[in-house]
Amino acid sequence: RGMTTGDIILRVQDKPVATPSEVWAGVEAARAAKRDFVMVLVLPKVRDVPGPKWMALRLVRKDKIASGG
């Protein structure tokens, strides 16, 4: 359950990603759109079923971090 070291992120929302900076750009775009979650397509290192799976990651907006809320 959740993500772990070795998992490969293939897509963030509807965009394919190949580098960590592309993943962060997708997360920041979702944050800028004031989304509470971002969908990522992950190829787990350890699989219980073949192929990738979609996961929803909860986002915390930077303004809430700064205000402690």
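Me: In which loop is Lys34 placed?
Reply: This is a predicted model, where local features need pLDDT of at least 70, side-chain atom pairs count only at pLDDT 80 or more, and totals for chains, interfaces and linings use all residues. Residues are numbered from 1 along each chain as its sequence is written, and side-chain values use heavy atoms, with hydrogens and water left out. Helices (H or I, at least four residues) and strands (E, at least two) are DSSP runs numbered from the N terminus. On that numbering, Lys34 sits in the loop between helix 1 and strand 3.

Me: Is Lys34 buried or exposed?
Reply: Buried means under 20% relative accessible area, exposed over 50%, and partly exposed in between (1.4 Å probe, protein chains only). Lys34 has a relative accessibility of 59%, so it counts as exposed.

Me: What is the phi of Lys34?
Reply: Lys34 is not a glycine, yet its phi is positive. The value is about 60°.

Me: Which loop holds Gln13, and what is its phi?
Reply: Gln13 is found between strand 1 and strand 2. Its relative accessible area is 25%, so Gln13 is partly exposed. Gln13 is not a glycine either, and its positive phi is about 55°.

Me: In what order do the strands lie in the sheet?
Reply: Two strands pair if DSSP finds at least two bridges between them. Strand 1 (residues 8-12) and strand 3 (residues 37-43) are joined by 4 bridges, while 6 bridges join strand 3 to strand 4 (residues 53-58). The 4 strands form an open sheet with antiparallel pairing, in the order 2-1-3-4.

Me: Why is one side of strand 2 and of strand 4 left without a neighbour in the sheet?
Reply: Strand 2 (15-16) and strand 4 each have a single partner strand, so one side of each has no neighbour in the sheet. Both stand at the edges.

Me: At about what angle does helix 1 run to strand 1?
Reply: Axes are lines fitted to C-alpha atoms, for helices over the stretch in contact (heavy atoms within 4.5 Å), and angles run from 0 to 180 degrees between N-to-C directions. Helix 1 (residues 20-32) lies across strand 1 and strand 3. Its angle to strand 1 is about 40°.

Me: How many residues does the largest nonpolar core have?
Reply: A nonpolar core is a set of buried Ala, Val, Leu, Ile, Met, Phe, Trp, Tyr and Cys residues joined through side-chain atoms within 4.5 Å. Among the members of the largest one are Val12, Val27, Ala30, Val40 and Met55. Helix 1 and strand 3 each supply at least two residues of this core.

Me: Which element has the lowest mean pLDDT?
Reply: pLDDT is the predictor's confidence in each residue, from 0 to 100, and the protein chain averages 89. Strand 1 has the highest mean among the elements, 97. Where pLDDT is low, the predicted coordinates should not be read in detail. The lowest mean, 60, belongs to helix 2 (residues 62-67).
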